Structure formats: structure tokens, C-alpha cells
Amino acid sequence: MEDKVQVETNNYVELKSEILDGMRSYREDLAQDGVDAGYSVQQIDECEGIIDRFLDTIAAAAERGDAAGAHGAVKDAVLGLNALNARCGHSLIETDQREGLCELILGAAALAGLGTDGEDITEEWREW
């Protein structure tokens, strides 16, 4: 199972890059027009840290077969993203990022045995 988790985690690292690149591009596009996106480069970096911690924690939980640890990783990531997005006036996580983050979190959680097809285990906590 360890190899599968690692391979799949690598796919989520690519998805993470797409999410963060979208945030950076949008911020830069608005800045060229003299508009503030409502979030900073440091806040994008903070988002990356939340995602990285989630991926590390969920992979470790999956390797141990620790459903409670995986559930906690999902909850911590969602609550961390909620708090970060609130500090950005709810401007950091827009539709594209929301869809990407859900795909990343739900997909990685499924590897750890959480959720079923069509079930959004983030809904309980997610504000974005």
C-alpha cells in the first residue's frame, strides 16, 4: 500500500501546484490592473503549508491504516483553510481553488479509506 500512497500523493502535489499557481496568476493579473486581490504572497505560501501538512499527515495515516488520524488530517486542513481564507476577506479560495482543494482533499482521504463515492467529508467544516 505504501507505494500506491506515494504515487497518488505525487499526483496531489501536481494538483497542489495548479491550485497555488492559479492563486498567484490571479493576484498578478489584478496587480497589473492596480487592483488588490485581497491576499498576499505570504498567504499563498501559508496555503501551501496547510496543503503540505495535510498530504504528509494523510499519507502517514494511510500507511498506518489509521482512519481517525486521516479524519483528523482532513478536519485540520479544512479548518486551517477556513481561517486563512477568512483572514483574506474570503478572497483567496475562489471557485477554481475550491474545486481543486476538494479534489485534492477528498482524493487523498479516499486513499486513507475515508469517504465514499460522491460523499463530501469536508462539508461538515468547510466554509469556502
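A salt bridge here is a side-chain nitrogen of Lys or Arg within 4 Å of a carboxyl oxygen of Asp or Glu. The legends below describe a predicted model, in which local features need pLDDT of at least 70 and side-chain atom pairs count only at pLDDT 80 or more, while totals for chains, interfaces and linings use all residues. Residues are numbered from 1 along each chain as its sequence is written, and side-chain values use heavy atoms, with hydrogens and water left out.

**View 1. A network of salt bridges around Lys-16.**
Salt bridges link Lys-16, Asp-21, Arg-24, Asp-45, Glu-48 and Asp-52 in a network. Over the whole structure, the search finds 8 salt bridges. One of them joins Glu-48 to Lys-16, with 3.4 Å between the closest N and O atoms. Since Glu-48 belongs to helix H2 (residues 41-64) and Lys-16 to helix H1 (residues 2-32), this pair ties together parts that are 32 residues apart in sequence. Helices (H or I, at least four residues) and strands (E, at least two) are DSSP runs, numbered from the N terminus. Lys-16 also meets Asp-52 in a salt bridge, at 2.6 Å from N to O. Here too the partners sit in H2 and H1, so the Asp-52 and Lys-16 pair ties together parts that are 36 residues apart in sequence.

Lys-16 is buried, at 7% relative accessible area.

**View 2. Ile-51 and its contacts.**
Ile-51 has its place in helix H2 and counts as buried, at 3% relative accessibility. Leaving aside residues up to four places away in sequence, Ile-51 touches Lys-16, Leu-101 and Leu-104; contact means heavy atoms within 4.5 Å. Ile-51 and Leu-101 are 50 residues apart in sequence, yet their C-alpha atoms are 8.7 Å apart in space.

**View 3. Helix H2 from end to end.**
The 24 residues of H2 reach 35 Å from first C-alpha to last, close to the 34 Å expected at 1.5 Å a residue. That expected span is 1.5 Å times one less than the number of residues in the helix. Among the buried residues of H2 are Ile-44, Cys-47, Ile-50, Phe-54, Leu-55 and Ile-58. After H2 comes Gly-65, whose phi is positive, near 70°.

The structure holds 0 disulfides, a disulfide being a pair of cysteine sulfur atoms within 2.5 Å. For Cys-47, the nearest cysteine sulfur is that of Cys-88, 8.8 Å away. Cys-47 is buried, at 0% relative accessibility. Which cysteine sulfur is closest to that of Cys-102? The closest one is in Cys-47, at 12 Å, too far for a bond. Cys-102 is buried as well, with a relative accessible area of 11%.

H3 has 21 residues and reaches 30 Å between its first and last C-alpha, close to the 30 Å expected at 1.5 Å a residue. Its buried residues include Ala-70, Val-74, Val-78, Leu-81 and the asparagines Asn-82 and Asn-85. H2 and H4 are among the elements that cover the buried residues of H3. His-90 lies in the loop between helix H3 (67-87) and helix H4 (95-111). The phi of His-90 is near 60°, a positive value in a residue other than glycine. His-90 counts as partly exposed, at 46% relative accessibility.

Arg-126 forms a salt bridge with Asp-120, where the closest N and O atoms are 2.4 Å apart. Arg-126 also lies over the face of Trp-128, at 5.3 Å from the ring centre. A charge sits over a ring if NZ of Lys or CZ of Arg is within 6 Å of the ring centre and within 35 degrees of the ring normal. With 21% relative accessibility, Arg-126 counts as partly exposed.

Notes. Buried means under 20% relative accessible area, exposed over 50%, partly exposed in between (1.4 Å probe, protein chains only).
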